[in-house]
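Here is a short tour for anyone meeting this structure for the first time. Have a look at it below, and then we'll walk through a few spots together.

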Amino acid sequence: MPAFSFTPFPELITDRLRLRKLTQEDTQFIYLLRSNKQVNTFINRPLATSAKEALDFIININDSIDKNKSLYWLIVLKNKNRHVGTIALWQFS
């Protein structure tokens, strides 16, 4: 299996978007995503019931990134600094 290194974290920037690593300051947005029934319609996971669950998720995601097991970006509108979603890569081969 190829070796991967995500240090430094690969931040991606386009004309409209900035894809960056999650921070604890993103807890409320992640909670809103993970607790929204409509957003999670086709995802097989329980809905988040607290901001602590969202924070634990962020900690686990960042731990996985630090271990070079996955990548997970927060998608932000550059001109408004507004969170619009997330995207992830994992199970590399």
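Let's start at A48, which is buried, with a relative accessible area of 9%. Keep in mind that this is a predicted model. A48 sits in the loop between α1 (27-35) and α2. Which residues does A48 touch, once its neighbours within four places in sequence are set aside? They are Y31, R34, S35 and E53. There is also a distance to look at here: A48 and L33 are 15 residues apart in sequence, and their C-alpha atoms are 8.7 Å apart in space.

S64 counts as buried because its relative accessible area is 18%, and the cut-off for buried is under 20%. Leaving out residues up to four places away in sequence, S64 touches K69 and S70.

Helix α2 also holds both K52 and D56, which are 4 residues apart, or about one turn of the helix. These two form a salt bridge. How many salt bridges are there in total? The count comes to 5. Three of these pairs are set out here, each with its closest N to O distance.

| Pair | N to O distance |
|---|---|
| R18 and E11 | 3.0 Å |
| D26 and R20 | 2.8 Å |
| K52 and D56 | 2.9 Å |

Finally, a few words on the backbone. Most residues other than glycine have a negative phi, and most peptide bonds are trans. The peptide bond from T7 to P8 is cis, with omega near 0 degrees, and P8 belongs to the segment before β1 (12-13). N68 has a positive phi, near 60 degrees, without being a glycine. N68 lies in the loop between α2 and β3 (70-77), where it is partly exposed at 25% relative accessible area. N81 has a positive phi too, of about 50 degrees, and it is not a glycine either. You'll find N81 in the loop between β3 and β4 (82-90). Why does N81 count as exposed? Because its relative accessibility is 56%, and exposed means over 50%.

Notes:
Residues numbered from 1 in each chain as written. Predicted model: local features only at pLDDT ≥ 70, side-chain atom pairs only at ≥ 80, totals over all residues. Heavy atoms only, no water. Buried < 20%, exposed > 50% of the residue type's maximum accessible area, 1.4 Å probe, protein only. Contact = heavy atoms within 4.5 Å. Helix = DSSP H or I, 4+ residues; strand = E, 2+ residues; numbered from the N terminus. Salt bridge = Lys/Arg side-chain N within 4 Å of Asp/Glu carboxyl O.
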